[in-house]
Protein chains: 2
Amino acid sequence: MTTRIFIGNRRMDAVAPDDRGLAYGDGLFETMRVHRGTVPWWDAHWSRLQRGAQRLRLRLPDAGRVREEAAALFAGDPPAGDGVLKLIVTRGGGTRGYAPTAEVEPTWLLSRHHSPPPAPADGLRVRWCETRLASQPLLAGIKHCNRLEQVLARAECSEAGFDEGLVCDHDGHVVAATGANLFVFREGQWLTPMLDRCGVAGVCRARLLLPLQAREARLDRDAIETADAVFLSNAVRGILPVARLGTRAWPPHPAIAAARAVLARLHPAFALDLEHP
Amino acid sequence: MTTRIFIGNRRMDAVAPDDRGLAYGDGLFETMRVHRGTVPWWDAHWSRLQRGAQRLRLRLPDAGRVREEAAALFAGDPPAGDGVLKLIVTRGGGTRGYAPTAEVEPTWLLSRHHSPPPAPADGLRVRWCETRLASQPLLAGIKHCNRLEQVLARAECSEAGFDEGLVCDHDGHVVAATGANLFVFREGQWLTPMLDRCGVAGVCRARLLLPLQAREARLDRDAIETADAVFLSNAVRGILPVARLGTRAWPPHPAIAAARAVLARLHPAFALDLEHP
């Protein structure tokens with residue numbers, strides 16, 4: 001991992017120990033797939049970050065500066081500037097106490113990571129998580145740094161040897177996987193859970209909604225288990241077909257192949273993944 | 001602020017940029033009142049930290065080492081080793097992704113802060129916050145680092161010039177203030193909200209339950225507004241009488257004076273606050 005740390009426009013050696021990101025998870029993040037030194041979905045990631053910043057009333061750093069530094073982080077090095085770029089923006093340093101300090105400059109970190117493995121050819125093994133997501137419309141949809149629920153849910157999957165887990169809210173509505181959004185194909189139609197109460201509105205999900213003519217809906221466990229095809233999506237790994245969920249198994253489905261072909265036209269890294277799985 | 005940073009038993013110069021505390025708020029904290037270089041309620045704080053660590057399945061550092069370092073942080077300096085000690089413990093560094101990495105040593109930070117001002121003699125002005133707390137039994141009661149709800153609620157109070165704010169859950173039950181627990185006196189009995197769905201089970205609250213013979217209950221806004229006396233409690237500032245809430249005003253009440261006398265016997269710093277307000 002290579003990281004660059006900033007407060008406002010100043011490059012720093014380290015994160016300050018009084019940073020509100022560390023104290024309260026008082027920040028936002030984006031995880032972006034990089035292709036040959038560029039971030040093809042940059043605008044979509046930055047837009048979501050802006051929506052989060054408005055919701056949390058948190059200042060963002062200068063977009064141009066962030067983009068320059070991101071490019072520098074991926075310049076020159078093999079393998080050809082591919083990989084994953086993570087951006088964290090926090091409310092900055094502060095005195096003790098929850099009250100946001102006025103006029104503090106945001107802290108931001110850029111880090112470079114290896115490309116993830118492509119989606120497994122035989123699909124993911126997923127489970128239902130015991131962990132339920134709390135309903136909090138004020139934080140729903142945005143990619144904030146309060147992620148203990150996801151950490152707890154993800155731990156359930158790793159321990160039990162599953163690739164991922166699906167999580168529901170306390171009313172029994174399915175929300176997403178721990179680190180990806182969810183699409184199901186039923187009666188010739190793509191559906192994806194509504195994210196107005198909890199969950200993260202993924203950039204890959206947003207990109208797919210229109211071309212797949214997908215409809216947002218409240219879905220219960222049964223609607224997933226009886227679907228004709230299921231995939232997970234995120235901006236780093238693209239479309240991940242689900243092969244097994246409990247006792248239910250899904251063979252490869254042409255609707256998923258079609259969705260992956262759509263995605264390949266939207267992001268060059270996913271085109272490569274499709275050609276060389 | 002003076003801070004010491006550690007990973008496991010090693011003193012560090014800085015927090016690692018891949019720390020899970022910063023990425024996900026994947027940690028716990030305690031804020032303790034220090035009196036003449038000692039933490040009178042140390043055992044209670046450490047017990048709550050242990051409960052949180054069990055819930056999050058997070059490793060704690062060696063208790064003896066933490067206590068030694070805390071003592072060193074307050075040794076020697078005027079004014080007589082009084083102040084506030086904050087301890088943050090995170091799950092440590094990690095690769096990208098929610099899955100907790102096995103066998104990682106925890107990161108911990110100790111910081112020294114000034115003593116807070118004593119409770120204002122004329123009581124606090126508080127408001128009802130618009131921000132509601134999400135119900136999440138997995139995280140209720142423990143003092144974890146996912147505090148965006150408190151940050152949002154606290155911001156409402158500061159902007160409107162209030163000292164604190166009371167927050168409810170989505171069912172309309174009152175939970176606490178943004179940074180303190182709540183006690184109300186009704187029909188000769190102290191009551192305090194149940195914290196099984198959200199909120200932090202404060203160390204000061206726990207200390208007061210038995211001597212005040214306080215009962216945990218589900219309380220709605222009306223139960224607070226029609227109470228005979230109301231105070232907030234936390235381990236740093238002790239008992240903070242509430243003077244105003246919306247149009248309701250409370251004059252000083254003998255039951256609060258009695259509660260403060262109880263607290264003064266439980267912690268020497270609050271005895272001093274009472275003698276020299």
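This is a predicted model: local features need pLDDT of at least 70, side-chain atom pairs count only at pLDDT 80 or more; totals for chains, interfaces and linings use all residues.
Helices (H or I, at least four residues) and strands (E, at least two) are DSSP runs, numbered from the N terminus.

Residues are numbered from 1 along each chain as its sequence is written, and chains are lettered from A and ligands numbered from 1 in the order in which they are written.

**Stop 1: a loop in chain B**

Select B:Arg57. It sits in the loop between α2 (42–56) and α3 (63–74) of chain B. Check its backbone: phi of B:Arg57 is near 50°, a positive value in a residue other than glycine. Is B:Arg57 buried or exposed? B:Arg57 has 12 C-beta neighbours inside 10 Å, so it counts as exposed. The cut-offs: a residue is buried if 20 or more other C-beta atoms lie within 10 Å of its own, exposed if 12 or fewer, and partly exposed in between, with C-beta atoms placed from the backbone.

**Stop 2: another loop in chain B**

Now select B:Glu187. Look for it in the loop between β9 (181–186) and β10 (189–193) of chain B. Phi of B:Glu187 is near 50°, a positive value in a residue other than glycine. B:Glu187 counts as exposed because it has 7 C-beta neighbours inside 10 Å.

**Stop 3: A:Asp220**

Move to chain A and select A:Asp220. This residue lies in the loop between β11 (215–217) and α6 (221–225) of chain A. With 12 C-beta neighbours inside 10 Å, A:Asp220 counts as exposed. A:Asp220 and A:His173 are 47 residues apart in sequence, yet 4.8 Å apart in space, C-alpha to C-alpha. Which residues does A:Asp220 contact, leaving aside its neighbours within four places in sequence? They are A:Gly172, A:His173 and A:Val174. Two residues are in contact if their C-beta atoms, placed from the backbone, lie within 7 Å.

**Stop 4: a helix pair in chain A**

Select α7 (residues 254–266) and α8 (residues 268–275) of chain A. These helices pack at an angle of about 135°, with their axes 5 Å apart. Axes are lines fitted to C-alpha atoms, for helices over the stretch in contact, and angles run from 0 to 180 degrees between N-to-C directions. α7(A) and α8(A) are therefore oblique to each other. Angles under 35 degrees count as roughly parallel, over 145 as roughly antiparallel, 65 to 115 as roughly perpendicular and the rest as oblique.

Show the side chains next. A:Arg260, A:Leu263 and A:Ala264 of α7(A) meet A:Phe270, A:Ala271 and A:Leu274 of α8(A). The residues of this contact divide into 5 nonpolar, no polar and 1 charged. Ala, Val, Leu, Ile, Met, Phe, Trp, Tyr, Cys and Pro count as nonpolar, Asp, Glu, Lys and Arg as charged, and the others, Gly among them, as polar.

**Stop 5: where the chains meet**

Show both chains. How many residues of chain A are in contact with chain B? 48 residues of chain A touch 48 residues of chain B. Select α4(A), which gives the largest share of chain A's side, 8 residues. By class, that side has 23 nonpolar, 16 polar and 9 charged residues.

Finally, superpose the chains. A rotation of 180° with 0.0 Å of shift along its axis places chain A on chain B (RMSD 0.0 Å). That is the relation of a two-fold axis. Copies are superposed by least squares on the C-alpha atoms of residues with pLDDT of at least 70 in both.
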